[in-house]
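Subject: Handover of a structure and its findings

Dear colleague,

Please find the structure for your review below. My notes on what was found in it follow directly after.

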Amino acid sequence: MIFVGGLPFSTNNSSWSSSSSQGSDILVALLEHPVLVSASHSFKSMEETKVSVSSETPSPSKYVYVFQREYATVDPALVDYVGTDEATTCVGLVIRNRRNRMTSIAHMDNPEIVDIGLCQMLSLVVDHDLDAELDVYLIGGFDDASPNHANGTTISECYSDMDGYSLPLCRKLVDTLQRRQEKFHVQTLHVLGHNTKRDSQGNAYPIFHGFLVETCTGSLSPASFDGTSRCPDEMVRRIRVTSSYEDTSWNGKLLETYDTQTDRFVIAPCRWTVRKLHIVMSLQQLSDEEILRRCSTSPSAEGPDFVENLRRYGHIKNNP
């Protein structure tokens, strides 16, 4: 169940006819809630943290980074910061237990992984205590709908018949949180219109692509990570994301990356097929623009290293 400002949240709508319409009503009401609007404005006003790890002057703080479709649950006694970035139509989800401060974050990329993914995240955060008070933060996604669907005068009009990738994911997330028994105190909902900026031609882009969580205090800030901080095993983990869509053992699940009990990165395996190898090698023959068009849900909003990272997949040809 969702709480906002310490109170149970309800849209008082008795005419819901489907899960989809219920999720839309909940989402619109949350996006318009004064407490969450204020929290989104505060988040938007923060300066983005640039995270970099120098081998010459290593940081005394310990970080856990998650890539797309990964999750990690961390103990604040062992890990100082946890974060993710590179989100365009994806949504970063943070769940933190107020009592024991256990913190789980996920980089959600598809509505189909929300149900099982939440169970994975909550398994160590809640620890069978349904009365636990859980702080929740959702950051990412943007108004990636076609321009003719993004001109409503109100939030409800904008999202009444909207296409794109961000909206279905956000809708599924809030609907699932509301249906579950746990007590979810939504602190930040910086998604969709709240996380959108437009250029002079009206093209939409995310304001922020990522965030950093200080596990001891639970404070969040916008963040971006460079190649030194997206670790360990960056390339293997990137390839694993694309492979997981054809590996039935990962259907509906978030990818396991970090073992909370042993405080170690354990990159769970994923099946790599010959078909995937052929796809990766064929990408090497395409232009940057064609790679963006074929491989991204939001080509104009991707970071500068999106294409470069995909081209790096070709290195596995000599190391299958």
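For the count that follows, rings of Phe, Tyr and Trp (its six-membered ring) are taken as a pair if their centres lie within 6.5 Å, and planes over 60 degrees apart count as edge-to-face. Please note that this is a predicted model.

Aromatic pairs

Searching the whole structure gives 5 aromatic pairs. One of them joins F43 and F208: the ring centres are 5.5 Å apart and the planes stand at 85°, so this pair is edge-to-face. F43 belongs to helix 2 (residues 34–44), while F208 sits in the loop between strand 12 (204–206) and strand 13 (211–214); the pair therefore ties together parts that are 165 residues apart in sequence. With a relative accessibility of 3%, F43 counts as buried. F208 counts as buried too, at 7%.

A further pair is formed by Y65 and F225, whose ring centres are 4.9 Å apart with planes at 65°, so it is edge-to-face. This pair also links distant parts of the chain, with Y65 in strand 4 (residues 63–65) and F225 in strand 14 (residues 220–225), 160 residues apart. Both Y65 and F225 are buried. Ring pairs join Y65, F67 and F225 into a cluster.

The largest pocket

The space in the largest pocket amounts to about 1,200 Å³. It is lined by 45 residues, of which Q68, C295, S296, E302 and F306 are the closest to its centre. At least two lining residues come from each of helix 5 (166–179), strand 14, helix 6 (234–244), helix 7 (274–283), helix 8 (288–295) and helix 9 (306–312). Sorted by class, the lining of the largest pocket holds 21 nonpolar, 13 polar and 11 charged residues.

The largest nonpolar core

In soluble globular proteins, nonpolar side chains tend to be buried together. Here the largest nonpolar core has 37 residues, and those touching the most other members are I2, L30, L93, I95, M108 and L138. Elements giving two or more residues to this core include strand 1 (2–4), helix 1 (19–32), strand 7 (91–97), strand 8 (103–108), helix 3 (114–125), strand 9 (133–140) and strand 10 (183–191). Helix 5 gives the most to this core, with 6 residues. Helix 5 also supplies at least two residues of the lining of the largest pocket.

Backbone points to check

Most residues other than glycine have a negative phi, and most peptide bonds are trans. Which peptide bond is cis? The bond from C231 to P232 is cis, its omega being near 0°. P232 lies in the loop between strand 14 and helix 6. D233 is found in the loop between strand 14 and helix 6 as well, and its phi is near 55°, a positive value in a residue other than glycine. At 47% relative accessibility, D233 counts as partly exposed.

L192 likewise is not a glycine, yet has a positive phi of about 55°. L192 is located in the loop between strand 10 and strand 11 (196–198). Is L192 buried or exposed? Its relative accessible area is 0%, so L192 is buried.

With kind regards

Definitions and conventions. Residues are numbered from 1 along each chain as its sequence is written. This is a predicted model: local features need pLDDT of at least 70, side-chain atom pairs count only at pLDDT 80 or more; totals for chains, interfaces and linings use all residues. Side-chain values use heavy atoms; hydrogens and water are left out. Rings of Phe, Tyr and Trp (its six-membered ring) pair if their centres lie within 6.5 Å; planes under 30 degrees apart count as stacked, over 60 as edge-to-face and the rest as tilted. Helices (H or I, at least four residues) and strands (E, at least two) are DSSP runs, numbered from the N terminus. Buried means under 20% relative accessible area, exposed over 50%, partly exposed in between (1.4 Å probe, protein chains only). On a 1 Å grid over the protein atoms alone, a cavity is a set of points where a 1.4 Å probe fits but cannot get out, and a pocket is an open set with protein on both sides within 12 Å along at least five of seven lines; lining residues have an atom within 4 Å of a point. Grid points are joined across faces, edges and corners, and a volume is the space filled by probe spheres set on the points. Ala, Val, Leu, Ile, Met, Phe, Trp, Tyr, Cys and Pro count as nonpolar, Asp, Glu, Lys and Arg as charged, and the others, Gly among them, as polar. A nonpolar core is a set of buried Ala, Val, Leu, Ile, Met, Phe, Trp, Tyr and Cys residues joined through side-chain atoms within 4.5 Å.
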